[in-house]
Amino acid sequence: MKLTPLKCPHCGAKLKIAGNTVLAACQYCGNAAEFTGESAIKLDQAIIKSEGPPNILLPFWRISYKAKISSLAAHAPQNPFQQDGTEAFYRRKDVKPEDLEIPSRMLVAAFRVNNFINYTADLSQALSLKLDRDLPEKDADKSMDYGRCYYGHLDAQGMVEVLLRVLANKKSRDILDLDFDIKWRERKILWWPFKQDGDCWRDMIYEQRLLQSALEK
Ligand SMILES: [Zn+2]
């Protein structure tokens with residue numbers, strides 16, 4: 001295992017961090033940081049309060065941003081029976097950028113699951129769409145399980161761009177090709193409470209499920 005010498009962005013202590021570590025707590029002051037290549041970034045984080053104790057807390061990035069659609073093309077879905085050689089796709093002019101509501105923040109999983117896109121795209125989308133009310137937060141304690149943190153904020157930003165396209169396409173009968181101009185704002189790790197529910201983890205705020213066997217340590 002390759003160890004990279006890095007300084008804790010909170011207390012300045014020299015840390016030994018494994019080469020593939022994304023999020024970790026300082027061995028000395030206990031504060032969390034995101035480690036990307038040769039830099040360490042202070043991490044703002046909180047636990048979401050829930051009724052009763054959770055069975056597991058899973059880390060999510062809550063990413064805020066301002067997104068503008070920089071290009072948009074709409075195509076009618078291809079008719080599988082079209083055999084006469086005419087163009088299967090054609091442009092429609094009735095979808096405008098202002099017709100598409102773009103959320104201004106999203107939750108993206110920072111934990112590792114097998115088949116990441118399948119499992120966490122659905123979960124992130126479902127949680128994000130409900131994220132309009134304020135969440136009851138408290139400070140994250142220093143015994144958080146950073147072994148579960150796997151994806152950094154740049155991965156999360158990439159996922160936000162994917163999810164924005166998916167969400168726009170869900171609202172449209174056409175197939176939309178979109179490009180976004182995104183200004184990234186606050187990012188924070190939220191430790192989200194889950195309860196055991198059969199072979200799933202069920203989130204204790206919005207009741208979304210994640211298959212337990214999908215979770216990778
Ligand atoms: Zn420190």
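## Two packed helices

At what angle do helix α1 and helix α2 pack, and how far apart are their axes? In this predicted model, α1 covers residues 116-129 and α2 covers residues 153-170. The two helices pack at an angle of about 70°, and their axes are 11 Å apart. Angles of 65 to 115 degrees count as roughly perpendicular, so α1 and α2 are roughly perpendicular to each other.

Which residues meet where these helices pack? From α1 come Ala-121, Ser-124 and Gln-125, and they meet Met-159, Leu-163, Val-166 and Leu-167 of α2. Sorted by class, this contact of α1 with α2 holds 5 nonpolar and 2 polar residues, with no charged ones.

Next, turn to strand β4 (residues 32-36) and strand β5 (residues 39-42), which pair in the antiparallel sense over 4 bridges. One of the residues to look for is Thr-36, whose bridge partner in β5 is Ser-39.

Together β4 and β5 form a hairpin, with 2 residues between the strands. Gly-37 sits in the turn and has a positive phi of about 60°.

Most residues other than glycine have a negative phi. Glu-207 is not a glycine, yet its phi is positive, at about 70°. You can find Glu-207 in the loop between β12 (200-203) and β13 (209-211).

Is Glu-207 buried or exposed? A residue counts as exposed if 12 or fewer other C-beta atoms lie within 10 Å of its own; Glu-207 has 11, so it is exposed.

Definitions and conventions:
Residues are numbered from 1 along each chain as its sequence is written. This is a predicted model: local features need pLDDT of at least 70, side-chain atom pairs count only at pLDDT 80 or more; totals for chains, interfaces and linings use all residues. Two strands pair if DSSP finds at least two bridges between them. Axes are lines fitted to C-alpha atoms, for helices over the stretch in contact, and angles run from 0 to 180 degrees between N-to-C directions. Angles under 35 degrees count as roughly parallel, over 145 as roughly antiparallel, 65 to 115 as roughly perpendicular and the rest as oblique. Two residues are in contact if their C-beta atoms, placed from the backbone, lie within 7 Å. Ala, Val, Leu, Ile, Met, Phe, Trp, Tyr, Cys and Pro count as nonpolar, Asp, Glu, Lys and Arg as charged, and the others, Gly among them, as polar. A residue is buried if 20 or more other C-beta atoms lie within 10 Å of its own, exposed if 12 or fewer, and partly exposed in between; C-beta atoms are placed from the backbone.
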